[in-house]
Amino acid sequence: KRTPRPEVTVSKALSLLALPGDGGVATRKIAILVAAGVEGESITSIMDALDEAGATVRLLGSRLGTVTGEAGETFEVDATLENSPSVLFDALVLPDGTEAVESLARDGRTLEFLKDQYRHCKTILALGAASMLVEQAGISPRLPTGADDPGLIMAASPEALDPQIFIAAVAQHRHLARDSDPPLV
């Protein structure tokens, strides 16, 4: 004889949507993927804006160590794609830099990280050449309805982006209009 299942009740205390917070990004964890040849301005400008807003920024790469940007600046990688899965982050930044983007594209973990961020309805920012990664992952800038995806921000350059647009998108927490079963990508 089977025991009846207990009825499941909804708990507002456990809901991410019931207590949305103040609408900011304080304490949100943002991943920035980096590799040698990254365009440094695309990292520093968004990092400064996120730091000012109270977010936690982590530079992720294929390996730990230092990467050198296009202009010779250096960036210390905080964690790798292997030891920091996408579920640990609330949003993703793909910076510009053709050499860096090509290097990241050769690491299969990059596309998996990107796809998982997309599947979990998190905000993604792709700057300049990084749009190639979005295309390779099979991610459309449009929702199934045909509308623009507000959680996928693509800018031709760091100068073409107001960081507050990205910060506002991250503050939404998730972009559930792209949620589907099975996943779109």
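Let's start with charge. This chain carries 16 positive and 26 negative side chains. The centres of the two sets lie 15 Å apart. Keep in mind that this is a predicted model.

Now the overall build. The chain has five helices and eight strands. From the N terminus, the order is β-α-β-β-β-β-β-α-α-β-α-β-α. How does the radius of gyration agree with a compact globule? For 185 residues, such a globule would come out near 16 Å, and the chain has 18 Å, which agrees. Along the principal axes, the C-alpha atoms fill a box of roughly 70 × 35 × 35 Å.

Buried residues are 44% of the 185.

Let's zoom in on helix α1, residues 40–53. It has 14 residues. From first C-alpha to last it reaches 20 Å, close to the 20 Å expected at 1.5 Å a residue. Which residues of α1 are buried? They are Gly40, Ser42, Ile43, Ile46, Met47, Ala49 and Leu50. An α-helix has 3.6 residues a turn, so residues three or four places apart point the same way. Look at Ile43, Ile46 and Leu50 in that buried set. What covers the buried residues of α1 includes strands β1, β2, β4, β6 and β7, along with helix α5. Just after α1 comes Gly54, with a positive phi of about 95 degrees.

On to helix α3, residues 108–119, where we find Thr110. Is Thr110 buried or exposed? Its relative accessible area is 0%, under the 20% cut-off, so Thr110 counts as buried. Beyond its neighbours within four places in sequence, Thr110 is in contact with Leu33, Leu81, Leu104 and Leu133.

Last stop: backbone details. Thr27 sits in the segment before β1. Its phi is near 75 degrees, a positive value in a residue other than glycine. Thr27 is exposed, at 67% relative accessible area. His173 lies in the segment after α5. It is not a glycine either, yet its phi is positive, about 70 degrees. His173 counts as buried, at 17% relative accessibility. Pro182 is also in the segment after α5. The peptide bond from Asp181 to Pro182 is cis, with omega near 5 degrees.

That's the tour. Thanks, everyone.

Key
Residues numbered from 1 in each chain as written. Predicted model: local features only at pLDDT ≥ 70, side-chain atom pairs only at ≥ 80, totals over all residues. Heavy atoms only, no water. Helix = DSSP H or I, 4+ residues; strand = E, 2+ residues; numbered from the N terminus. Rg over C-alpha atoms; globule rule 2.2 N^0.38 Å. Buried < 20%, exposed > 50% of the residue type's maximum accessible area, 1.4 Å probe, protein only. Lys, Arg positive; Asp, Glu negative; His and termini not counted. Charge placed at Lys NZ, Arg CZ, Asp CG, Glu CD. Expected span 1.5 Å × (residues − 1). Contact = heavy atoms within 4.5 Å.
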